[in-house]
Amino acid sequence: LPEVSFAESDGNDVWLCTDQGRLRAASQGLDKLDVELADAGFLRVHRRYVVNLGRISEIERGAKGELSLVMDDPANTMVPVSRRNTPAVRRALDI
């Protein structure tokens, strides 16, 4: 799990972004993966993304107050935070 930066839903597939690249997750659906990883430091930040809180390198704020998380994967992927999940992200990151 420490090698997983984030999980992304793409249709019926869930992809894990790891230090080794993208791997297809064994779990069916992001909802199930979210529940499985909740106690391991992962948080649902968007309907398509679950992130490893320990792998966030930066937080960017948009002009309208929206948040994006810059992950510490090799591509420095930017993961959007939905308005609905913003309060939970702020609490989890103490911002």
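This is a predicted model: local features need pLDDT of at least 70, side-chain atom pairs count only at pLDDT 80 or more; totals for chains, interfaces and linings use all residues.
A residue is called buried under 20% relative accessible area, exposed over 50%, and partly exposed in between. At 45% relative accessibility, N76 falls in the middle band, so it counts as partly exposed. You'll find N76 in the loop between β7 and β8. Its backbone is worth a look too: N76 has a positive phi of about 50°, even though it isn't a glycine. For background, most residues other than glycine have a negative phi.

D94 is another case, with a positive phi near 55° in a residue other than glycine. Look for D94 in the segment after α2. Its relative accessibility is 71%, so D94 counts as exposed.

## The sheet and its helix

β7 and β8 belong to an open sheet of 3 strands, in the order β6-β7-β8, with antiparallel pairing. β6 (56-61) and β8 (78-80) are at the edges with a single partner strand each, so one side of each has no neighbour in the sheet. From one strand to the next, the twist averages 30°.

Zooming in, β7 covers residues 67-71 and is joined to antiparallel β8 by 3 bridges. Across this pair, S68 stands opposite P80 in β8. There's a helix here as well: α2 (residues 86-93) packs on the sheet and touches β6 and β7. The direction of α2 makes about 50° with that of β7.

Which residues have the most contacts inside the largest nonpolar core? They are F6, V45, V51, L69, M71, V79 and V89, in a core of 13 residues. Three strands, β4 (42-46), β5 (49-52) and β7, each supply at least two residues of this core. The largest share, 3 residues, comes from β7.

Leaving aside residues up to four places away in sequence, F6 touches W15, L16, C17, Y49, V50, V51, M71, D73, T77 and V79. Apart from this core there's a second, separate one of 10 residues, which includes L30, L37, F42 and V50. Notice that V50, listed in the second core, is also among the residues F6 touches.

How values were computed. Residues are numbered from 1 along each chain as its sequence is written. Side-chain values use heavy atoms; hydrogens and water are left out. Two strands pair if DSSP finds at least two bridges between them. Helices (H or I, at least four residues) and strands (E, at least two) are DSSP runs, numbered from the N terminus. Axes are lines fitted to C-alpha atoms, for helices over the stretch in contact, and angles run from 0 to 180 degrees between N-to-C directions. Contact means heavy atoms within 4.5 Å. A nonpolar core is a set of buried Ala, Val, Leu, Ile, Met, Phe, Trp, Tyr and Cys residues joined through side-chain atoms within 4.5 Å. Buried means under 20% relative accessible area, exposed over 50%, partly exposed in between (1.4 Å probe, protein chains only).
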